[in-house]
Amino acid sequence: MTNSIHEIRDGDCIFITGSNTAVSHPVISYEVVRAAKRGANVIIVDPRRIPLVENATLFLQVKPGTDIYVFLAIMHIIIREGWLDEAFIAERTEGFEELAAIVAEYSPEHASLKSGVPMEQIEEAARIYAFGERVSGQSIYESERGHSAIFYAMGITQRSNGTDMVKTLANLAMLCGQIGKPSTGVNPLRGQANVQGACDMGGLVNVYPGYQQVTDDEKRNKIAKKWQVDSLPGEVGLTIVEAMHAIGDGRIKAQYVMGENPMMSDPDTTQVEKALRSLDFLLVQDIFPSETALLAHVILPAASSLEKDGTFTNTERRVQLIHPVLPAPGEARDDWQITAEIAARFDEKMGVAREADYWVYDAPAEIFAESTAVAPIYGGMSHERLRGEGLQWPCPDGEHPGTPILHVDKFARGLGKFSPVRANDPAEQTDEEYPLILTTGRVLYHYHSGTMTRRSGPLAWREPRGYVEVNGADAAAIGVADNHAVVIKSRRGSVRTRLKISEEVPPGTIFLAFHWREAPANRLTHDFALDPIAKIPEYKISAVRLENPRAKRVKG
Ligand SMILES: Nc1nc2c(c(=O)[nH]1)N[C@H]1C(S)=C(S)[C@@H](COP(=O)(O)OP(=O)(O)OC[C@H]3O[C@@H](n4cnc5c(=O)[nH]c(N)nc54)[C@H](O)[C@@H]3O)O[C@H]1N2
Ligand SMILES: Nc1nc2c(c(=O)[nH]1)N[C@H]1C(S)=C(S)[C@@H](COP(=O)(O)OP(=O)(O)OC[C@H]3O[C@@H](n4cnc5c(=O)[nH]c(N)nc54)[C@H](O)[C@@H]3O)O[C@H]1N2
Ligand SMILES: [Mo]
């Protein structure tokens, strides 16, 4: 996030898209409700009538995958009407002319036709966002414009043009000068509790800790020196789906899977299963025997986050300490201990002489200290300093108080660059055979592949088993009533589950969460259209059809 969570309540306009905030980020959604109660405008752009719509002033119900046209049209209107922040554009940005030329091609009329959103709504959203208009009450900010903040999550990123979608929202924020001030910015609501920390530490294929590019010789060599190795790999690696494909091609023979359950969470499970079964060696390190662990040659039991020390970095870049509240069961050990032990055994086997302090740690605080020495954004942090409320990065030195808001006086690269982005349609379109759009995601009471939440009695009581949400009109069309069995088919596979009639989804779109091992959504999703930069699959849009398993088959 460019901004901090507590700023939400003071916002004048909150613009949310592709985030089912009340379900996926309930605590943050309380802040949004608080802002709404204080008179802020809440604008939601989403295909589903999600719970937070109740607190919204404006709900733009887009057809899945067409939101890009709406965002481009919003910018079109802002430029046409002169609602842009000219001073901000002149002083802080570059590339405006190219952006304006492209945006001019995307009319609100076209966006309305594509997305199904009435033109007046698109115009209203543009005006309210640009000026940070309130419904009522006085803004706490004394600036000419009210403050507008954008929030997004997987609805815009799990798409074959996910990177373009994020760039488009960044363009919109810069166009209106809605960045670098409190209660503004472009704010991704990050998913797993410590996914931000995992990325910060270099758990990505293209960067070392602190987002230092693996291809940057100078930075890479500096890190190699600190890590006491001659050299470090300088090539960008393979992302999850690319690695699955590489198994199929025989380029990868072994996999070490730590805290990931690809048999449930990767797209096109049939292909994933085929790939994993063909490996010479599969090692799974998990806290539970997951679906993926069942295919492993070796399973190493890890301790859960409730059983260990360390840090978690949350969505507002705040690094916080965690402490064990339970002893680890049986032979389970901290993930870092297992990995360090494997490294040590490997070195023995390979005849590598080990330096005294190489891969040897007493506690996570030491690993953290090693990380802060190579990652400048964590440079001023230590477990000692993190006590209490933690610190938000960048925090480059020991005196630095941390950074609640990014890009205040200048952007990381100096001037903010407008990225010229054009609209792209989803890779798989509906047709006669597969006339419905399947969108996948989460429900409140379960977490991902369910290894943890589906072991909980109280949670099973709230949500015992899988179901697909279907609009009444689509259910009637195949003669299936609420709570009856239904079969969902895509070009990859089929899933049988219960149908739940829901007015949250519009006709033509159905929703299935990916938590249910008895009705696994990823049997239906596809992996053939990755975003060209992030390489994320298009989990949010597949073409499917619904069948009534009790309907008599008519011959001929
Ligand atoms: N209860 C619970 N909370 C969780 C998780 C969990 O499993 N359970 N997982 C965590 C993780 S790792 C993550 S990444 C986050 C994810 O958080 P979210 O992204 O909020 O979760 P999703 O259910 O994937 O919802 C995506 C939203 O995008 C919308 N959407 C679908 N298609 C489109 C489209 O074409 N355009 C737009 N604009 N929107 C679209 C959906 O209707 C939905 O509202 O949640 C985190 N929080
Ligand atoms: N169709 C569809 N698919 C999706 C998505 C979607 O919206 N739709 N969302 C995607 C997203 S955003 C995400 S983040 C992924 C999530 O996908 P996964 O990360 O594969 O899902 P989890 O169930 O969180 O699996 C994590 C595994 O880690 C284990 N684990 C938990 N704590 C620890 C620990 O401390 N140490 C170790 N070693 N293991 C641990 C759990 O038991 C579990 O087996 O799914 C993706 N897949
Ligand atoms: Mo996620």
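In what follows, Ala, Val, Leu, Ile, Met, Phe, Trp, Tyr, Cys and Pro count as nonpolar, Asp, Glu, Lys and Arg as charged, and the others, Gly among them, as polar. The model is predicted.

**Stop one: ligand 1**

Select ligand 1 and the shell of residues around it. There are 32 of them, and the closest are Asp 46, Gly 65, Asp 67, Met 154 and His 446. By class, 11 residues of this shell are nonpolar, 15 are polar and six are charged.

Now show distances from the oxygen atoms of the ligand. One oxygen of ligand 1 is 2.6 Å from a side-chain N or O atom of Asp 46. At Gly 65, a backbone N or O atom lies 2.7 Å from an oxygen of ligand 1. At Gly 18, a polar backbone atom is 3.5 Å from an oxygen atom of the ligand. On its own, ligand 1 has 910 Å² of accessible area, and the protein covers 95% of that.

Colour by secondary structure next. Two or more residues of the shell come from each of α1 (21–24), α8 (154–157) and β16 (436–441). Which element gives the most to the shell around ligand 1? It is α8, with three residues. Colouring by domain shows that domain 1 (5–189) and domain 4 (436–555) each supply at least three residues of the shell.

**Stop two: ligand 2**

Move to ligand 2, which has 28 residues around it; Asn 261, Ser 265, Asp 286, Ser 449 and Asn 522 come nearest. Ser 449 places a polar side-chain atom 2.4 Å from an oxygen atom of ligand 2. On the nitrogen side, a side-chain N or O atom of Thr 440 is 2.9 Å from a nitrogen atom of the ligand, and one of Gln 158 is 3.0 Å from a nitrogen atom of the ligand. The protein covers 89% of the 910 Å² of accessible area that ligand 2 has on its own.

The shell around ligand 2 takes at least two residues from each of β10 and β16. It divides into eight nonpolar, 14 polar and six charged residues.

**Stop three: the second largest pocket**

Select Phe 281, Leu 283, Val 298, Leu 300, Pro 301, Glu 331, Arg 333, Ile 338, Glu 341, Ile 342 and Arg 345, which line the second largest pocket. The space in this pocket is about 290 Å³. Elements that give two or more residues to the lining are β10 (281–286), β11 (298–301) and α15 (335–350), and α15 gives the most, with four. The lining has seven nonpolar residues, four charged and no polar.

Why does the pocket lie between domain 2 (195–237 + 302–392) and domain 3 (248–299)? Both domains give residues to its lining, so the pocket is placed between them.

**Stop four: the cavity**

The count of cavities of 30 Å³ or more comes to one. The largest cavity has a volume of about 50 Å³. To find it, select its lining: Met 1, Asn 3, Ser 4, Glu 7, Ile 8, Ala 149, Phe 151, Ser 183, Thr 184 and Asn 187. These divide into four nonpolar, five polar and one charged.

**Stop five: a loop**

Finish at the loop between β14 (391–392) and β15 (416–417), where Pro 394 lies. Trp 393 and Pro 394 are joined by a cis peptide bond, with omega about 0°. Further along, His 407 is also placed in the loop between β14 and β15. His 407 is not a glycine, yet its phi is positive, at about 60°.

Note on methods. Residues are numbered from 1 along each chain as its sequence is written. Chains are lettered from A and ligands numbered from 1 in the order in which they are written. This is a predicted model: local features need pLDDT of at least 70, side-chain atom pairs count only at pLDDT 80 or more; totals for chains, interfaces and linings use all residues. Side-chain values use heavy atoms; hydrogens and water are left out. A residue is near a molecule or strand if one of its heavy atoms lies within 4 Å of it. A polar contact is a pair of N or O atoms within 3.5 Å; within protein, one must be able to donate a hydrogen and the other to accept it, and residues adjacent in sequence count only if both atoms are side-chain atoms. Accessible areas come from the Shrake-Rupley method with a 1.4 Å probe; for residues, only the protein chains shown count as cover. Domain bounds come from an automatic or database domain assignment. On a 1 Å grid over the protein atoms alone, a cavity is a set of points where a 1.4 Å probe fits but cannot get out, and a pocket is an open set with protein on both sides within 12 Å along at least five of seven lines; lining residues have an atom within 4 Å of a point. Grid points are joined across faces, edges and corners, and a volume is the space filled by probe spheres set on the points.
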